[in-house]
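Open the model in a viewer and keep the selection tool at hand.

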Amino acid sequence: MLLEIQDLTKSYTGPDGTVPVLQGISLSLAAGEALALTGESGSGKSTLLHLIGGLDRADGGRISVNGQEVTALDDAGRAALRREKIGIIFQQFNLIPSLTVRDNIRFQARLAGRDDPAWAATLIDALGLGDQLAKYPEELSGGQQQRVAIARTLAARPALILADEPTGNLDEETADRVLDQLSRLVSEAGTALVLVTHSSVLAARMSRQHHLSHGCLS
Ligand SMILES: Nc1ncnc2c1ncn2[C@@H]1O[C@H](COP(=O)(O)OP(=O)(O)O)[C@@H](O)[C@H]1O
Ligand SMILES: [Mg+2]
């Protein structure tokens, strides 16, 4: 299994006391599987993605990615795992403003030691970014920036992609097209995908669907 989660728990403590968010999540995902994660706003979807990506720490339970136990790694170990195995696509794109589209796309692949110009060219073509390569992120539309973020993630050939409402601020038609490309590229590259979406239509297009509610998965 590429991703294994056992009995994961997480709560946050704020001024009003402790709020349990995840109350015993277990899940396994194999390479090539695409899982849609739905749930109401505030149900803990982003929290779960952050824990899988090692961006935050669980209170209890275990997560392993590609055989490595995320929950047992220190900060440096989790950063290395993210760099080498995990691709994260957030809604806010997080492109590097000082780099051109071409360099944004190749940057993470270089960090991961997997810069592959031919693969990058395939992605640029599939995502329709060929005319944008010399531009900077601020010169692109939201939809174009989103496609650059997806190309950048796939270019690094991560074993696991975590996508948090990646098409949330695109119009429906562009979102559909970007998602088609993402799923096709995921299945071609044999990557596993966890896609957070509030859309049941998008969720239905993934090979597996899970719903997060009251801290539990169904
Ligand atoms: N860093 C944080 N500190 C305190 N509470 C948080 C933090 N992050 C998330 N929460 C709370 O945890 C719950 C789940 O949030 P989140 O994972 O963002 O849900 P979703 O992505 O499903 O909308 C919410 O009640 C939210 O307010
Ligand atoms: Mg969220």
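Select ligand 1 and the residues near it (a heavy atom within 4 Å): the shell consists of Tyr12, Val21, Glu40, Ser41, Gly42, Ser43, Gly44, Lys45, Ser46 and Thr47. This is a predicted model, in which local features need pLDDT of at least 70 and side-chain atom pairs pLDDT 80 or more, while totals for chains, interfaces and linings use all residues. Residues are numbered from 1 along each chain as its sequence is written, chains are lettered from A and ligands numbered from 1 in the order in which they are written, and side-chain values use heavy atoms, without hydrogens and water.

By class, the shell has two nonpolar, six polar and two charged residues (Ala, Val, Leu, Ile, Met, Phe, Trp, Tyr, Cys and Pro are nonpolar; Asp, Glu, Lys and Arg charged; the others, Gly among them, polar). Helix H1, residues 45-52, gives the most to the shell, with three residues (helices are DSSP runs of H or I, at least four residues, numbered from the N terminus).

Next, show polar contacts (pairs of N or O atoms within 3.5 Å). Oxygen atoms of ligand 1 lie 2.8 Å from a polar side-chain atom of Lys45, 2.8 Å from a side-chain N or O atom of Ser46 and 2.6 Å from a polar side-chain atom of Thr47. The protein covers 55% of the 570 Å² of accessible area that ligand 1 has on its own (Shrake-Rupley, 1.4 Å probe).

Now select helices H5 (142-155) and H6 (172-189), whose axes come within 11 Å and cross at roughly 5° (axes are lines fitted to C-alpha atoms over the stretch in contact; angles run from 0 to 180 degrees between N-to-C directions). H5 is therefore roughly parallel to H6 (angles under 35 degrees). Arg147, Ile150 and Leu154 in H5 meet Val178, Gln181, Leu182, Leu185 and Val186 in H6 (heavy atoms within 4.5 Å). The contact of H5 with H6 involves six nonpolar residues, one polar and one charged.

Key: A polar contact is a pair of N or O atoms within 3.5 Å; within protein, one must be able to donate a hydrogen and the other to accept it, and residues adjacent in sequence count only if both atoms are side-chain atoms. Helices (H or I, at least four residues) and strands (E, at least two) are DSSP runs, numbered from the N terminus. Angles under 35 degrees count as roughly parallel, over 145 as roughly antiparallel, 65 to 115 as roughly perpendicular and the rest as oblique.
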